[in-house]
Amino acid sequence: MEPGKRLSLSVFDKALTVITIEEELRGWLAEIRRRHDLHRQIAPYAKLQRQVETFADWIILPWDADSADLFVKLRHQGLRIGTLDLKIACIALAHDATLLTRNATDFAQVPGLRIENWLD
């Protein structure tokens, strides 16, 4: 089944992390800054707008004290994955959420994290 279709048919609440939003916004803002011609900025601004509108339909899981505490604990245990990926994992753990990701290699290293890949 197509990933988008599977997601739309899911009975579970759909959420994303505030870190995911940070990553997406940084990417679109960098694309806009690279384009000095104002007319060439129109398309990336439109894509940024669609992305923000999409985010508005989802539950946004916060970076909070529980997430930060888990992050510190896992780093002290020697877990070495990217900072933003670890933040996403800690938010998922703190909110008892299953993380949908294609990046099983990194996220599988996080103890107790439930992951699924609906894309392959």
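Q: Where is T17 found?
A: T17 sits in strand β1, residues 15-17. Helices (H or I, at least four residues) and strands (E, at least two) are DSSP runs, numbered from the N terminus.

Q: And what does T17 touch, leaving aside neighbours within four places in sequence?
A: T17 is in contact with I60, L61, I88 and I91. Contact means heavy atoms within 4.5 Å.

Q: Before we go on, what kind of model is this?
A: This is a predicted model, in which local features need pLDDT of at least 70, side-chain atom pairs count only at pLDDT 80 or more, and totals for chains, interfaces and linings use all residues. Residues are numbered from 1 along each chain as its sequence is written, and side-chain values use heavy atoms, with hydrogens and water left out.

Q: Okay, big picture: how many helices and strands are there?
A: The protein has 6 helices and 4 strands. Starting at the N terminus, their order is α-β-α-α-β-α-α-β-α-β.

Q: What share of the residues is buried?
A: Of the 120 residues, 26% count as buried.

Q: And among contacts between residues at least 6 apart in sequence, what share joins residues at least 24 apart?
A: That share is 50%.

Q: Let's talk helices. How do α2 and α3 sit relative to each other?
A: The axes of α2 (residues 18-34) and α3 (residues 42-55) come within 9 Å and cross at roughly 165°. Axes here are lines fitted to C-alpha atoms, for helices over the stretch in contact, with angles running from 0 to 180 degrees between N-to-C directions. The two helices are therefore roughly antiparallel. Angles under 35 degrees count as roughly parallel, over 145 as roughly antiparallel, 65 to 115 as roughly perpendicular, and the rest as oblique.

Q: Which residues of α2 and α3 meet?
A: From α2 there are I21, E24, L25, W28, L29, E31 and I32, and from α3 there are P44, Y45, K47, L48, Q51, V52 and F55. This contact divides into 10 nonpolar, 1 polar and 3 charged residues. Ala, Val, Leu, Ile, Met, Phe, Trp, Tyr, Cys and Pro count as nonpolar, Asp, Glu, Lys and Arg as charged, and the others, Gly among them, as polar.

Q: Can you zoom in on Q51?
A: Q51 is found in helix α3. Leaving aside neighbours within four places in sequence, Q51 is in contact with E24 and W28. The C-alpha atoms of Q51 and L25 are separated by 8.5 Å, though these residues are 26 apart along the chain.

Q: What angle do α2 and α5 make?
A: They pack at about 150°, with their axes 8 Å apart. That makes α2 and α5 roughly antiparallel. V18, I19, T20, E22 and E23 in α2 meet L84, K87, I88 and I91 in α5.

Q: And how do α4 and α5 pack?
A: Their angle is about 125°, with axes 8 Å apart, so α4 and α5 are oblique to each other. By class, their contact has 8 nonpolar, 2 polar and 3 charged residues.

Q: How many residues does the largest nonpolar core have?
A: The largest nonpolar core has 16 residues, and those with the most contacts inside it are L74, L79, L86, F107, V110 and L113. Helices α4 (65-76) and α5 (83-94) each supply at least two of its residues, and α5 gives the most, with 6. A nonpolar core is a set of buried Ala, Val, Leu, Ile, Met, Phe, Trp, Tyr and Cys residues joined through side-chain atoms within 4.5 Å.

Notes:
Buried < 20%, exposed > 50% of the residue type's maximum accessible area, 1.4 Å probe, protein only.
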